[in-house]
Amino acid sequence: MASFGGVINLDRGENGVNEKITDYLEDEYFSDGEHSADEKYEIEGPEKTMGPKGAPKLDLRDYQLELAENALKGLNTIICAPTGSGKTRVATHIILEHLKHTDGRKKRIAFLARTVPLTLQQYKSLKTYLPREYQITYITGQSEESMRLKSVVKHNHVVVMTPMILQNNILRKAFRLSKFTLVIFDECHHTRKDEPYNTLMFSYLKAKIRGSEEVRANLPQIVGLTASIGIEKAKSVDEATESILNVLGNLDVISLSTVKNNLHELQQMVPVPEEKVIPLTQRDDDDAIKKIIHIMEELEAHVADHILKVDKENLITLLTEKPVNKKTQDYAQWAVKLKQEAKSVPIKDPLKETNIDVRFLIILSEYLVTYNIALEAHDLVELRDVLAYLDMSLMQFNILGSRTRQEKTFYQYFENLKVAVANQHSEENPNLTVLGKTLLDNLKVEGSRCIIFVRTRALAEALAAWLNRSKNSFLRHLNAKIFTGINASVEQGGMSPKLQEDTIASFRTGAIRVLVSTSVGEEGLDIPDCNLVIKYNHVGNEVTTVQTKGRARKLGGVSFLLAMDHVRRRESGNQAKAQIMEQAIKKISAMETRKIEQFIDEYQLRVIVEAEIEEANKEKRKKDPQEKQFRMVCSLCRKVGINNTQIRTIYGKHRVSIDRDFLNSGQLKQVPRRGNIIIDDIEFLGPVYCQGQPVPGKICGHVLGTMIKYNKVTYFAMGIKKFGFYLGNDTNLKNFKQWDKVPYVIDELSNDDTLRYLSSASAETSYYESDSDTETSSDEDYTMTQRQREDREVRMRQSSEDTSVKTLANAMQLTSQATNLALGELERNQMLDPERTGLSTYNRLFNQPLYSSSNTFKTINIQQTMSIPSAQYSHDSSDTE
């Protein structure tokens, strides 16, 4: 889904009611910064006291030394202290003492941070205080070293990285957790459920409970850092206590490290910003609002008509449950449920043809969700930005020559809206007036800075644009910039790690005085001079309530909540939960160690047993051939589909097609992405659109997934929300939101799979071809010349790849008859590090040409190269839009 000012993927916050949210989630977080409130960011300089090995001396306050006590005793612990208290300095002290300690083992430390920018931030801080005798490095998913951790650890004492780097290497059996003697988890409250931290710690717990005595003895010490541990859905102190103990169990921790003896010093040194609340008003009487509501009523009439034609009881019941207020999240949830029910309607005829009424219901639900978001946004931004959002969001429904007459009618309502409001005098939004006044009143002091938190990338883009075009010169000169996550393309409102780093650097220097941020900035932005935080009609949970106000690091800082009634009520609930959380922490701190150990032992055993039962069930399904027979079809047209026999996984996460005939059948079309995303070994090339015909001559145009490049070979990775599943002759479609909820076992991509896939690469690559009569790109803002140029680039790239993979496939076929594979001599400056021998076959093969300029050959031992171990991966390609 598109958004304000061309930003893609306007989400629906914590309730997740927008089905068009991609798997590039924007909830990428920073941690508590590397410096406490009484420090400046620039820490190097002659005024610093230097240690004996050339590094600045790390002087800790008494409360910081108290926080480090349990860890220095060798205990697994969670350090829980307020934002700005200098937890990273405490961790640095623990690292330095750990490195000095000698017990016969080589000291190796992993510092885990959840995002790339935070990885860089923590690396810079640690490097500053680490004596020269110790080596430190950082690894991100975009680093060449991300899959050869063993070599990196061999040459470094401290490695700062994201958790999935470590987990991927462990699951590949290329690295053992016991190689580290200490692992530090930044923002450790994220060690829950399916989050990367918890996935990694499951490996630890399995080794602890099922491993040998030697394995258990070599497990690393665990230290967690957090400002707010969270209590999930707990409503009482007892429930909150259990929730926190579960996190302790996940991290194998028996002690919470909090400040007790030096609390007065902590309170003196860590600024607590003043909190203020200003109400915002809804704009229900606006003429544009009335017109949008009228359009929604027209669309609802179409919904009722098609529901009666489908004649499904669940849909008829749902029609009677439609909320009256079209502006609420209840209405959006109703529209999403309508879509889900429509997608599950059985395919009645044996050819499994499109049910056109079902298709219309799915499309209508997307319109209704889009207009619902526009109604909400109209309260917060200017009308021009609302129209820009609608224009981008609904563009996919305005592809000339490819939509049915009914679909054109749906889109015409929006065209009529644009005409109706074109000459309408736009009154100033009173809520923007409140926001502007808050900025004017609190940023008068030179050098003062502000972070505005909003719920979506789209709102961030719209607010920054509003400030920068303001008639008020003071607001314009604040030079507002957006700050969003990295896990989306530029079109989707994402930022590259370099752009994130540059933006934060400019904010620190004062070149940028206002950041408009999504949840990416709620945890850990280390900007001591930020004196104003504004939550613009947005709150999260009790964790973000604590974290967000902590962004106002400067003494005398103020935290404002500008919000509607329902958001203010939610914030009150968060504050009440934060108090319950504090009481639960005190209760745990007072518990006997024996009782904590007993709870954790029972909890951990239960977690492992449940996982083993699930694994056994998977193995059973794997052996049952009936369970493996299923087909995935486009949920919108149901004409394009693929059998499970032609699906494999990469890293146990991405579901990819290994059927070249399917790719070359003309049923798919890729639109290249502007600025590909590369994460670990995978490059994301751009969305893939369904070319099925719901009615003759009309193109479906549904986004089915994305093209990815893995080990220099392109695959189609499928988005789970775009497909329906059916077993055998059963015409009832099943729908899933996450791949790990799909009860069917899919095998990991093997050497033989890749060989067969490459052997068929000589087929025509028609899925890249562009046909002007059936153009289905949702990127209609491209001109035709741009589209033709981009299609040509893709065809050239694929043609080049096909030439190389055909040659490689022929060479690989020789290996099935002999033990050695003939390959070209690689240029010296392209040689791969021998440490990468443990990687997959094709990572070694495809990173070098088959022939050198001299056409000489090189023999590689096939036993060393023919291996693709499975691994987990942190980012799913599902539903990339």
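At 12% relative accessibility, Arg648 counts as buried, because the cut-off for that class is under 20%. The model is predicted.

**Arg648 and Asp753**
- Arg648 forms a salt bridge with Asp753, and the closest N and O atoms of the pair are 2.9 Å apart.
- This pair links distant parts of the chain, since Arg648 sits in strand β16 (residues 647-650) and Asp753 in helix α24 (residues 751-759), 105 residues apart.
- Asp753 is buried as well, with a relative accessible area of 4%, so each partner falls under the 20% limit.

- Glu232 is paired with Lys193 in a salt bridge whose closest N and O atoms are 3.9 Å apart.
- Glu232 is partly exposed, at a relative accessible area of 32%.
- Lys193 is exposed, at a relative accessible area of 65%, because the exposed class begins over 50%.
- Arg192 belongs with this pair: salt bridges that share partners join Arg192, Lys193 and Glu232 into one network.

**Asp305 and Lys309**
- A salt bridge with an N to O distance of 3.6 Å connects the side chains of Asp305 and Lys309.
- Both residues lie in helix α10 (residues 287-310), where they are four residues apart, about one turn of the helix.
- Asp305 is partly exposed, with a relative accessible area of 34%.
- Lys309 has a relative accessible area of 52% and is exposed, because that value is over 50%.

**Gln122 and Thr88**
- Gln122 is part of helix α3 (residues 116-129).
- The relative accessible area of Gln122 is 0%, so the residue is buried.
- The side chain of Gln122 makes a polar contact of 3.3 Å with the side chain of Thr88.

Key:
Residues numbered from 1 in each chain as written. Predicted model: local features only at pLDDT ≥ 70, side-chain atom pairs only at ≥ 80, totals over all residues. Heavy atoms only, no water. Helix = DSSP H or I, 4+ residues; strand = E, 2+ residues; numbered from the N terminus. Buried < 20%, exposed > 50% of the residue type's maximum accessible area, 1.4 Å probe, protein only. Polar contact = N/O pair within 3.5 Å; in protein donor to acceptor, adjacent residues only side chain to side chain. Salt bridge = Lys/Arg side-chain N within 4 Å of Asp/Glu carboxyl O.
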